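Subject: Structure handover

Hi,

Here is the structure I promised to pass on. Please have it open while you read, as my notes follow below.

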Amino acid sequence: MTDTARPAGDRWDGEAGRPRRAAPPRRPTMRDIADRVGVSASAVSFALNGRAGVSPATRARVLRAAEQLGWVPDSAARALSGERLGCVGLVLNRPARTLGVESFFLQLVSGVQEALSVRGTALMFQVVPDLDAECVLYRRWWGERRVDGVLMVDPRTDDPRPALLESLGFPAVAVGGLSGQGTASGEAAPISTVWADDAAAMRSILGHLHRLGHRRIAHVAGLPELAHTERRLHALREESVRLGLSPGDVCTVSADYSDAEGAEATRELLDRPQPPTAIVYDNDVMAVAGASVAASRGLPVPGQLSIVAWDDSALCRVTHPALTALVRDTGGFGRLAAEELLALLDGGPVRSVQAELPRLELRESTAPPG
């Protein structure tokens, strides 16, 4: 009888007639580095942790040996010793169906990762079903010392998370302004924030449409509980009054950022006795869906309906006609948030940082009303 092929790396158990899996390779330790370099384990510890007590030449030899051996710090041991873990967390609770089509979060996370990688810091990402689950997760991460700090996204109008994170002493940065932030009545935030001026951005959109001659303007907003939705709605109301627009001619309907709800909101608006001549959508996906609804009804864009998307993307640029959109560096927004969190971890103060104001990119989807 001839032997059958045996998987590489396995040992053959002749009695049982089964392959016996070889033991996994042992993780290199500080002791291994010390033996290779010819110094004490304490000297290796000083060198790897950037502490005084070893010469520059010895530190360089230790770091070179650690790289050759593939040594990485043990996160559990670092947690027990109170040292930095080298990992930050980001939790997302949005409808799962919106994550696969919306480019905003992909660009945001890309920017976050770019900033973290410079410092060798990892990102722990988790999706949860609701706000309560997110708060439970923060408590668990803090109690188990899973991450050094967190990036909190999608601030709410009545948000328990900032106070919770502050009470835990968890270094945190809110990505997006908290409710009331950027207004005269806004209180000092309990955690650091990186935010964009949604009110000024809405004013720029409304001003553009008003100059074109539009007087019936609709806004397909995102989730109503989000703080940035609140700021956009408030700015829409204030600016429409300032421009002398009739309250009945400026309206808002809510959706969940998905193409399905964006399309449904568009159909509902166009079915009204006095439909809008311009619609502003809170993201690119809903704007493209709205343009598709208009096309299916034979309603020319921008001849009879002007469309503006809040966040620019490739979707806005390749759609025909190309969509007028607010352009901002979303990746840069993510980098700014991550850099602010790293500054907190380095002992920096809690503060509020305003990102660059988005600019309105005029394309083919806006024109005077027909």
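First, a definition: a polar contact is a pair of N or O atoms within 3.5 Å, and within protein one atom must be able to donate a hydrogen and the other to accept it, while residues adjacent in sequence count only if both atoms are side-chain atoms. By that rule, the side chain of Asp159 makes a polar contact with the side chain of Arg161, at 2.7 Å.

Two notes on the source. This is a predicted model, in which local features need pLDDT of at least 70 and side-chain atom pairs count only at pLDDT 80 or more, whereas totals for chains, interfaces and linings use all residues. Residues are numbered from 1 along each chain as its sequence is written, and side-chain values use heavy atoms, with hydrogens and water left out.

Helices (H or I, at least four residues) and strands (E, at least two) are DSSP runs, numbered from the N terminus.

**Around Asp159**

Asp159 is found in the loop between β5 (149-153) and α8. Is Asp159 buried or exposed? Its relative accessible area is 17%, and buried means under 20%, exposed over 50% and partly exposed in between, with a 1.4 Å probe and protein chains only; Asp159 is therefore buried. A polar atom of the Asp159 side chain also lies 2.8 Å from the backbone nitrogen of Arg156. Leaving aside neighbours within four places in sequence, Asp159 is in contact (heavy atoms within 4.5 Å) with Met152 and Asp154.

Asp154 lies in the loop between β5 and α8 and is buried, with a relative accessible area of 8%. Its phi is near 55 degrees, a positive value in a residue other than glycine.

**Backbone points to check**

Most residues other than glycine have a negative phi, and most peptide bonds are trans. Arg145 is not a glycine, yet has a positive phi of about 55 degrees. You will find Arg145 in the loop between α7 and β5, and at 27% relative accessibility it counts as partly exposed.

Pro302 sits in the loop between α12 (284-296) and β11 (306-309). The bond from His320 to Pro321 is cis too, with omega near -5 degrees, and Pro321 is placed in the loop between α13 (314-318) and β12 (324-327).

**Helix packing**

Two packed helices are described by the angle between their axes and the distance between the axes. Here axes are lines fitted to C-alpha atoms, for helices over the stretch in contact, and angles run from 0 to 180 degrees between N-to-C directions.

Helix α7 (residues 131-144) packs with helix α8 (residues 161-168) at an angle of about 10 degrees, their axes 11 Å apart. Angles under 35 degrees count as roughly parallel, over 145 as roughly antiparallel, 65 to 115 as roughly perpendicular and the rest as oblique, so α7 and α8 are roughly parallel to each other. From α7 the contact takes in Leu131, Glu134, Cys135, Tyr138, Arg139 and Trp142, and from α8 Arg161, Leu164, Leu165 and Leu168. By class, that contact of α7 with α8 has 7 nonpolar, no polar and 3 charged residues. For the classes, Ala, Val, Leu, Ile, Met, Phe, Trp, Tyr, Cys and Pro count as nonpolar, Asp, Glu, Lys and Arg as charged, and the others, Gly among them, as polar.

How do α2 (residues 41-48) and α3 (residues 56-69) cross? Their axes come within 9 Å and cross at roughly 90 degrees, and the two helices are therefore roughly perpendicular to each other. Val44, Phe46, Ala47 and Leu48 of α2 meet Arg59, Val62, Leu63 and Ala66 of α3.

**Strands**

Two strands pair if DSSP finds at least two bridges between them. Strand β3 (residues 87-92) is mostly covered, with 6 of its 6 residues buried. Cys87, Gly89 and Val91 point one way from β3, and Val88, Leu90 and Leu92 the other way. β3 pairs with strand β4 (residues 122-127) in the parallel sense over 6 bridges, and Leu90 stands opposite Phe125 in β4. β3 also pairs with β5 in the parallel sense, over 4 bridges, where Gly89 stands opposite Val150.

Elsewhere, 6 strands form an open sheet of mixed pairing, in the order β9-β8-β10-β11-β12-β14. Its edge strands, β9 (250-254) and β14 (359-361), each pair on one side only.

Best wishes
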